[in-house]
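Please walk through the fold with me, from the overall dimensions to the strands at its centre and then to a few backbone details.

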Amino acid sequence: MVEKIFSLENKVTIVTGGNQGIGKVVAFYLADAGSDIVIFDLADASEVAKEIAEKYNVRTAAYVCDVTNPTSVKECIQKAADKMGKLDLLFNNAGICLHKNAIDCTPEDWLKVVNVNLNGIFFMAQAFGKYLISNNKKGNIVNTASMSGTIVNIPQGQASYNSSKAGVAHLTKSLAVEWALKGIRVNSISPGYIRTEMTGTVRQDWQDYWESTIPFRRMGTPEELAGAVIYLLSDASTYTSGSDLMIDGCFTVV
Ligand SMILES: NC(=O)c1ccc[n+]([C@@H]2O[C@H](COP(=O)([O-])OP(=O)(O)OC[C@H]3O[C@@H](n4cnc5c(N)ncnc54)[C@H](O)[C@@H]3O)[C@@H](O)[C@H]2O)c1
């Protein structure tokens with residue numbers, strides 16, 4: 001029974017930002033749970049798609065897609081649906097972070113972060129929701145928010161990122177309610193500090209400070225997010241929508 005409710009067999013999942021970091025690792029786990037995988041990324045993720053197909057014997061595809069561009073998003077969803085025959089699930093995960101104090105942020109800085117992290121999540125969710133509704137299909141979406149939508153990280157200034165992620169959590173709730181009777185569930189995960197290319201290149205004294213303030217005294221790994229994404233995308237969570245799952249080694253608890 002347990003294997004069945006967590007299974008993603010016969011599903012096709014789009015993973016945005018799947019060329020590296022959280023998206024890449026979670027894509028491997030989704031394939032292991034049985035799903036075919038389509039990666040959308042600014043970078044060409046065809047090598048990652050190939051690796052997943054070979055390792056898990058699932059169908060995969062990769063499209064270069066800029067989630068901030070609604071035309072690119074719409075075209076890639078159409079191409080993916082045509083190639084895979086259908087789409088069922090979306091791990092809406094692409095995001096960027098800028099460490100810059102609010103006072104120094106240019107309009108371009110602000111717009112860039114909000115554009116990828118909030119507008120991009122909306123354009124992807126909207127186009128995917130349209131695809132499902134117009135094809136009379138049920139499906140699920142998991143958005144990647146962040147604990148930064150709830151707390152303010154220090155010592156770095158990152159108001160644009162924090163605000164965009166707070167927006168993702170509330171967008172998730174809004175879409176969950178609008179689509180509740182359409183058979184589309186929308187949830188989000190809010191990771192704490194996770195060791196990826198995004199965090200690993202930050203100056204070492206900040207990384208040391210972060211780890212000293214996390215009750216678990218370490219950053220999380222992308223692998224530690226995979227179970228939550230599988231849970232929220234699968235039939236293990238059929239009565240769960242509009243929820244945000246905090247996965248942060250207790251950071252927001254204290
Ligand atoms: N790493 C962390 O500590 C952490 C914590 C909380 C939330 N998150 C969130 O998790 C998500 C993934 O983060 P990560 O650490 O894996 O980052 P990462 O930088 O390692 O990977 C991000 C991926 O998104 C892609 N991307 C960026 N802009 C894009 C665009 N406009 N269109 C399509 N793809 C684009 C990049 O090419 C890259 O492959 C992000 O939304 C991030 O905000 C990360």
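**Strand pairing and surroundings**

Val142 has Asn187 in S6 as its bridge partner. This pair belongs to the parallel pairing of S5 with strand S6 (residues 184-191), which extends over six bridges, where two strands are taken to pair if DSSP finds at least two bridges between them. Helices (H or I, at least four residues) and strands (E, at least two) are DSSP runs, numbered from the N terminus. The model is a predicted one, in which local features need pLDDT of at least 70 and side-chain atom pairs count only at pLDDT 80 or more, while totals for chains, interfaces and linings use all residues. Residues are numbered from 1 along each chain as its sequence is written.

Taken as a whole, the protein chain has nine helices and seven strands, and its C-alpha atoms fill a box of roughly 50 × 40 × 35 Å along the principal axes. The radius of gyration of the protein chain is 17 Å, which agrees with the value near 18 Å that a compact globule of 254 residues would have; the radius is taken over C-alpha atoms, and the globule rule is 2.2 Å times the number of residues to the power 0.38. Of the contacts with a separation of 6 or more, 70% are between residues 24 or more positions apart, a contact being two residues whose C-beta atoms, placed from the backbone, lie within 7 Å.

Buried residues make up 46% of the 254 residues. A residue is buried if 20 or more other C-beta atoms lie within 10 Å of its own, exposed if 12 or fewer, and partly exposed in between, with C-beta atoms placed from the backbone. In strand S5 (residues 139-144), six of the six residues are buried, so the strand is largely enclosed by the rest of the structure. In a regular strand the side chains alternate between the two faces of the sheet. Both faces of S5 are covered, with Gly139, Ile141 and Asn143 buried on one side and Asn140, Val142 and Thr144 buried on the other.

S5 also pairs in the parallel sense with strand S4 (residues 89-92), over four bridges, and Asn140 in S5 is the bridge partner of Leu89. The chain crosses from S4 through H5 to S5 in a right-handed β-α-β crossover, and S5, helix H6 (residues 159-178) and S6 likewise make a right-handed β-α-β unit. A crossover is right-handed if, with the strands pointing away from the viewer, the path from the first strand over the helix to the second runs clockwise.

Strand S2 (residues 36-41) runs parallel to S3 and is joined to it by five bridges, with Tyr63 in S3 as the bridge partner of Phe40. Four of the five residues of S3 (residues 60-64) are buried, so S3 is largely enclosed by the rest of the structure. Ile37 and Ile39 touch the most other members of the largest nonpolar core, which has 67 residues; such a core is a set of buried Ala, Val, Leu, Ile, Met, Phe, Trp, Tyr and Cys residues joined through C-beta atoms within 7 Å.

Finally, a cis peptide bond, with omega about 5°, joins Ile154 and Pro155, and Pro155 lies in the loop between S5 and H6. Asn57, in the loop between H3 and S3, has a positive phi near 55°.
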